[in-house]
Amino acid sequence: MYNLRRLQMLRELKHRGTLAAVATALSYSPSAVSQQLSLLENEVGAPLLQPHGRRVRLTPQADILVAHTEAVLRQLDQAAADIAASLAEVTGTLRVAGFQTAALALLPRALTWLGETHPGVRVTFTQAEPDTALPALLARDCDLVIDEVFPGRPQARATEVEHQLLARDLMRLATPGPAELAELAGRPWAMEPAGTPAREWTTAVCQEAGFEPDVAFETADMLVHAELVAAGHAAAFLPDLLWHDRRPPVALHHLAARHHRDILVTVRSGAAGHPLIRALLAALSAAADDARAAAHRHLTGHRAPARTRQD
């Protein structure tokens with residue numbers, strides 16, 4: 001029978017890429033990791049690693065072994081979920097990663113909800129964009145990711161994860177000048193960093209309107225975008241959830257039904273049924289409803305119905 005700890009090391013190497021990264025993640029020395037993987041090769045009776053420049057990569061036989069290891073870990077996750085479900089109280093720690101708007105609009109509300117309904121649940125949070133948060137989820141560095149997907153720009157989704165739609169968030173054009181997108185050719189823009197889904201989407205929307213945007217300001221902080229627009233220095237696309245706690249200081253225009261993003265919650269396959277995950281999903285769903293209602297009030301001046309809290 002193969003040693004599970006060594007199998008996990010092989011799996012970590014597939015996700016993290018280097019022996020040094022595996023050693024750091026598991027609190028081993030690189031030489032100890034290398035030794036354990038050599039022992040695993042002896043157990044398996046086939047080469048698992050091959051040189052690749054200054055690094056190593058997995059052989060086809062190692063990939064087969066990692067796939068089975070993933071299945072074993074999913075079964076162990078299910079066992080943990082079944083045991084947790086058999087207990088009278090929901091307790092434990094959940095590690096969450098998510099982008100800035102989620103941290104601002106959803107996290108404080110969700111923590112308040114959890115404190116009222118499941119005081120034994122502890123949540124830690126790391127701000128991270130989806131391109132780093134999702135690999136961290138697969139590497140088991142976090143338990144739940146709040147990420148975003150834009151129309152026509154779907155991210156590659158691993159079969160090892162499950163998704164739940166949390167909210168649909170409108171993206172509105174914010175501009176100190178013309179409200180017509182085509183008239184903003186040649187004007188400076190504030191956008192998120194290159195390579196992010198939001199940047200790809202906003203660039204594509206401008207290109208569809210017939211121009212390449214002049215990105216003068218690049219930051220993932222939507223509040224900076226809003227301030228630049230309010231001061232007359234840039235145009236930007238801003239999400240409705242940004243206004244969960246304030247009135248917008250800029251003119252906002254909803255140009256098309258496809259101008260939105262979907263906010264998703266992503267967990268590892270089989271983990272959605274764990275009582276801790278279920279509790280946090282309920283809290284995030286309630287927080288999303290409350291934040292959208294608050295944003296609607298600030299955007300329109302009319303009170304929208306807020307969600308009624310229930311245990």
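The largest cavity of this predicted model is lined by Phe150, Met171, Ala190, Met191, Glu192, Ala198, Arg199, Thr202, Met222, His225 and Phe237, where a cavity is a set of points on a 1 Å grid over the protein atoms alone at which a 1.4 Å probe fits but cannot get out, and lining residues have an atom within 4 Å of a point. Because the model is predicted, local features need pLDDT of at least 70 and side-chain atom pairs count only at pLDDT 80 or more, while totals for chains, interfaces and linings use all residues. Residues are numbered from 1 along each chain as its sequence is written, and side-chain values use heavy atoms, with hydrogens and water left out.

**The largest cavity**

- Strand E7 (188-191), helix H7 (197-208) and helix H8 (222-230) are the elements that give two or more residues to this lining, helices (H or I, at least four residues) and strands (E, at least two) being DSSP runs numbered from the N terminus.
- Among the contributors to the lining of the largest cavity, H7 gives the most, with three residues.
- The lining residues divide into seven nonpolar, two polar and two charged, where Ala, Val, Leu, Ile, Met, Phe, Trp, Tyr, Cys and Pro count as nonpolar, Asp, Glu, Lys and Arg as charged, and the others, Gly among them, as polar.
- The volume of the largest cavity is about 70 Å³, a volume being the space filled by probe spheres set on the points, with grid points joined across faces, edges and corners.
- By this rule there are three cavities of 30 Å³ or more.

- Met191, found in strand E7, counts as buried because its relative accessibility is 2%, buried meaning under 20% relative accessible area (1.4 Å probe, protein chains only).
- Leaving aside neighbours within four places in sequence, Met191 is in contact (heavy atoms within 4.5 Å) with residues including Arg199, Thr202 and His225.
- The C-alpha atoms of Met191 and Phe237 are separated by 7.8 Å, although these residues are 46 residues apart along the chain.

**Asp169**

- Asp169 lies in strand E6 (residues 161-174), and Asp169 counts as buried at 2% relative accessibility.
- The side chain of Asp169 reaches the backbone nitrogen of Asp240 at 3.3 Å.
- Beyond its neighbours within four places in sequence, Asp169 is in contact with Pro239, Asp240, Leu241, His260, Arg261 and Ile263.

**Arg140**

- Arg140 has a positive phi of about 65° although Arg140 is not a glycine, and its place is in the loop between helix H6 (130-138) and strand E5 (144-149).

How values were computed: 1 Å grid on protein atoms, 1.4 Å probe; cavity = no way out; pocket = protein on both sides within 12 Å on 5 of 7 lines; lining within 4 Å. Buried < 20%, exposed > 50% of the residue type's maximum accessible area, 1.4 Å probe, protein only. Polar contact = N/O pair within 3.5 Å; in protein donor to acceptor, adjacent residues only side chain to side chain.
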